Amino acid sequence: MSRIALIWFGAAVSIAEILTGACLEGLGLRRGLIVIVLGHIIGGILLYLAGMIGVKNKEGAMKSSALSFGRFGSYFFAIMNIIQLVGWQGIMIFDAAYSAEGILGIGTKWWSLIIGVLTVLWIVLGSKSRDKLNVVVMVLLLLLTVVMSFIIFSGIKNGAGIGSGAAEVLSFGQGLELSIAMPLSWIPMIADYTYKAKKPVKTTLSACVTYSVASMWMYIIGLGAAVITHETRIDQIMLKAGFGAAGLYIIVFSCVTTNFIDAFSCNQSTYALVPEGKFSLDSEKKATLKENIKLNLPGIIDTVIGTVCAMMFPMENITEFLYFIGSIFAPMISVQIADNFILRHNKEDRRVDMTASLAWIVGFIVYRILMKTDMVFGNTLPDMAITVVVTIVFRKVSELINTYSPQRVQNAN
């Protein structure tokens, strides 16, 4: 497994993914499994296409969006990505702190602070040291997750089959939407890791496949825990499985490794807002500790804000947050797919591409409308299909207007 694929395995092994899988309990085990597999196939394909756009343009995710939306248009999505990253940091730290507290009660605020500090240390560690440590952490996470999976699905540990409360009723479409949402949330980040690789196409594919398979696994653990043991609290699952300290390790370090990806993407999105050459991410391997801190300052600030939010605000329900991400980034990637893979749209140096911006606005509005309708295929796929068609139509109309504009006709004569 390559270094980047290993990083994306760490992104998938997270408490948030397990908890989202547990939210599918209302579908039952069979339908839940179908939704998880189908949603991750769809989400994985979208993730791969997003990564390939970055590879094609030899730029990170947010800078690549300038191809479709113009320079200032890409700034908007960079800012939206920074906002979602702060939200994810807070949600991940809150969930991990809440779960860790159930195993070792020292206070959720203290756990939030500990996880936040560990994440900052992981960020400034330097890539050479971090890569070596990451291998050890990932291997242990893999082994412990295999054991936890076996225990949950064997149903042989204490308390199996004991739970409280009825599952929330979900439709197939709602479940599919929750399954697509996680891969979709990584779309603004995937190219940040893969576009500079020596073999970018192969690296992008391996990263997307690794993430999608591992994410499916985490969802299935959450679904299995909820359906078979009727337990959705990760700390209780691990205590019943007899994990103890090992459970703490999974909770804390799965959060740290995932949050590192968010912090790195925050760096990239922030650098997309500043003049070219202001920062150099390639210098990290040679950087001193002081230079590493300076280089990763946006990600450190992102982590600090997320930690404070986790300590101050309740963040149990992330459904609305996932829908917010979908409504922003599903239309964005739809416009980019149409431009890059269908229209072969040529990059133009303009501040704002109004054609793409109008297509995105239509896609955003359609997504919010579809949220109120229960469709068997969810609302992401129909919205993306509509946005792709709208983008193609708008581009063709724009070309006709430009072709027959009075100024161009006069110049031709």
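**View 1. Trp360 and its aromatic partner Phe77 in the predicted model.** Trp360 has a relative accessible area of 11% and is therefore buried. Phe77, at 2% relative accessibility, also counts as buried. The two rings form an edge-to-face pair, 5.6 Å from centre to centre with 80° between the planes. Because Phe77 belongs to helix H5 and Trp360 to helix H16 (residues 354-370), the pair ties together parts that are 283 residues apart in sequence.

**View 2. The aromatic pair of Trp8 and Tyr193.** The structure has 15 aromatic pairs in its count. In the pair of Trp8 and Tyr193, the ring centres are 5.8 Å apart and the planes stand at 80°, so the geometry is edge-to-face. Trp8 sits in helix H1 (residues 3-12) and Tyr193 in helix H9 (residues 190-194), 185 residues apart. Both residues are buried. Trp8 and Tyr193 belong to one aromatic cluster with Trp186, Tyr211, Phe260 and Phe264.

View 3. Beyond residues up to four places away in sequence, Gln84 touches Ser185, Pro188, Met189, Phe321, Ile325 and Phe329.

**View 4. The second largest cavity.** Helices H2 (15-22), H5 (66-103), H8 (172-185) and H12 (245-271) each supply at least two lining residues.

Key: Residues are numbered from 1 along each chain as its sequence is written. This is a predicted model: local features need pLDDT of at least 70, side-chain atom pairs count only at pLDDT 80 or more; totals for chains, interfaces and linings use all residues. Side-chain values use heavy atoms; hydrogens and water are left out. On a 1 Å grid over the protein atoms alone, a cavity is a set of points where a 1.4 Å probe fits but cannot get out, and a pocket is an open set with protein on both sides within 12 Å along at least five of seven lines; lining residues have an atom within 4 Å of a point. Grid points are joined across faces, edges and corners, and a volume is the space filled by probe spheres set on the points. Helices (H or I, at least four residues) and strands (E, at least two) are DSSP runs, numbered from the N terminus. Contact means heavy atoms within 4.5 Å. Rings of Phe, Tyr and Trp (its six-membered ring) pair if their centres lie within 6.5 Å; planes under 30 degrees apart count as stacked, over 60 as edge-to-face and the rest as tilted. Buried means under 20% relative accessible area, exposed over 50%, partly exposed in between (1.4 Å probe, protein chains only).
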